[in-house]
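This report is meant to be read beside the sequence and the model. It moves from overall figures to single side chains.

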Amino acid sequence: MNEKVLNNKKNGMLVLLAVLLGYIIAALGVVGMGFFGRRLGALFVPVMVVLIAWLSLGWILLCGLKVLKPQEALVLTLFGKYTGTLKGEGFYWVNPFCTAVNPAAKTKLNQSGDVDGGHSGKSILLNTGSGSGTAEMVSKKVSLKIMTLNNARQKINDCLGNPVEIGIAVMWRVTDTAKAVFNVDNYKEYLSLQCDSALRNIVRIYPYDVAPNVDTTGDGHADEGSLRGSSEVVAGRIRDEIQSKVQEAGLEIIEARITYLAYAPEIAAVMLQRQQASAIIDARKMIVDGAVGMVEMALERLNQGGLVQLDEERKAAMVSNLLVVLCGNHDAQPIVNTGSLY
């Protein structure tokens, strides 16, 4: 199904004025027939039928008037056949028997300008009922604006089997109204489901944090890709994955961003302890490296100055004491020796 834009229908004001003028003429004609009807003779009855028919049925032409604001479109069908799409702001007139089609009109996604702030979740179906004609017409319009879909957070296992919670925001818009309306049952729900599927397909390739012997690019070599450290790359792959799925629905995925990333609650505490242990090990390693350097410097300065001559046993004792003082978690409580060193 290819989109067909109707560019020659911006004559709504002309039709409106013509219909109103016709009603004025018909009303004056009916009044005038009461005074001058006898002069028409045999034409009296046909003229009256025409005037009354116009007064009774002329309003049908007004049903073909359509008003569109910027970045709006209206997909029209005539007795089930696709006739074309109205695009761009303006006052249009089309066949009064044409109907607007938008299966996703009553589907509200958790996105900007499309759902009340109190709602949450991936998608919400709202039934507006019959409503007035104006409300129904507005609901059938297809928005061409850039919209942001905030999909619900999902719990997904990364490549190491650790459950993580992740949420994404997808910027998208409709580029082909015919495909969006006719190629899929509901393009909003279709987009939301494809976002879920693409997110799962990409997240399971990466570890949450950098892990050894993990290949995230598919080239057969381990790399340092991770959900936390390579968020831009992961988001780009998610966008490409979604775009490949929604191309036939006439949708364009402009950008995808990770909005939330964390370990699942059931393992969050354990992973926090693991991160704390790793941080403590790194800190201890730095402290030990610094302490060894300070001990080496102290022994070298003592030897250079010739202040004290230490044998190997005393050097070992001094090194042990200095390492205890420098690497300990608490302040040292020294014992002052006032006697001989030996």
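## Basis of the report

This is a predicted model, in which local features need pLDDT of at least 70 and side-chain atom pairs count only at pLDDT 80 or more, while totals for chains, interfaces and linings use all residues. Residues are numbered from 1 along each chain as its sequence is written, and side-chain values use heavy atoms, with hydrogens and water left out.

## Overall make-up

The protein has 8 helices and 12 strands. These elements are DSSP runs numbered from the N terminus, with helices being H or I of at least four residues and strands being E of at least two. Of the 342 residues, 32% are buried. Buried stands for under 20% relative accessible area, exposed for over 50%, and partly exposed for what lies in between (1.4 Å probe, protein chains only).

The accessible surface is about 20600 Å², and carbon and sulfur atoms account for 59% of that area. Areas come from the Shrake-Rupley method with a 1.4 Å probe; for residues, only the protein chains shown count as cover. Taking contacts between residues at least 6 apart in sequence, 68% join residues at least 24 apart. A contact here is heavy atoms within 4.5 Å.

## Aromatic contacts

The whole structure contains 5 aromatic pairs. Rings of Phe, Tyr and Trp (its six-membered ring) pair if their centres lie within 6.5 Å; planes under 30 degrees apart are stacked, over 60 edge-to-face, and the rest tilted. One of the pairs is Tyr-82 with Phe-182, which is edge-to-face because the planes meet at 65 degrees, with the ring centres 5.3 Å apart. Tyr-82 belongs to strand β3 and Phe-182 to helix α4 (residues 177-182), so the pair ties together parts 100 residues apart in sequence. Tyr-82 is buried at 12% relative accessible area, whereas Phe-182 is partly exposed at 32%.

Tyr-208 and Tyr-263 form a tilted aromatic pair, 4.0 Å centre to centre with 35 degrees between the planes. This pair links distant parts of the chain, 55 residues apart: Tyr-208 is in the loop between α5 (187-203) and α6 (231-246), and Tyr-263 is in strand β12 (residues 251-263). Both Tyr-208 and Tyr-263 are buried. In a separate contact, Arg-153 lies over the face of Tyr-260, 3.6 Å from the ring centre. A charge sits over a ring if NZ of Lys or CZ of Arg is within 6 Å of the ring centre and within 35 degrees of the ring normal.

## Salt bridges

There are 7 salt bridges in the structure, each defined as a side-chain nitrogen of Lys or Arg within 4 Å of a carboxyl oxygen of Asp or Glu. Among them is Glu-3 with Lys-87, whose closest N and O atoms are 3.0 Å apart. Glu-3 is in the segment before α1 (12-40) and Lys-87 is in strand β3, so this bridge ties together parts 84 residues apart in sequence. Glu-3 is partly exposed at 23%, and Lys-87 is partly exposed at 26%.

Glu-252 and Arg-173 meet in another salt bridge, at 2.9 Å from N to O. Glu-252 lies in strand β12 and Arg-173 in strand β11 (residues 163-174), 79 residues apart. The side chains of Glu-255 and Arg-257 also form a salt bridge, at 2.5 Å from N to O. Glu-232, Glu-255 and Arg-257 are linked in a network of salt bridges.

## Nonpolar surface patch

Met-294, Met-297, Val-325 and Leu-326 make up a nonpolar surface patch, with about 340 Å² of accessible area together. Patches consist of residues with over 30% relative accessible area and no salt bridge; like charges are joined within 9 Å, and nonpolar side chains (Val, Leu, Ile, Met, Phe, Trp, Tyr) within 5 Å. Helices α7 (265-305) and α8 (312-327) each supply at least two of the patch residues. Val-325, in helix α8, is partly exposed at 44% relative accessible area.

## Positive phi angles

Most residues other than glycine have a negative phi. Gln-71 has a positive phi of about 60 degrees although it is not a glycine. Gln-71 is in the loop between β1 (65-68) and β2 (72-78) and is partly exposed at 44% relative accessibility.

Phe-79, also not a glycine, has a positive phi near 55 degrees. Phe-79 is in the loop between β2 and β3 (81-87), and at 72% relative accessibility Phe-79 counts as exposed.
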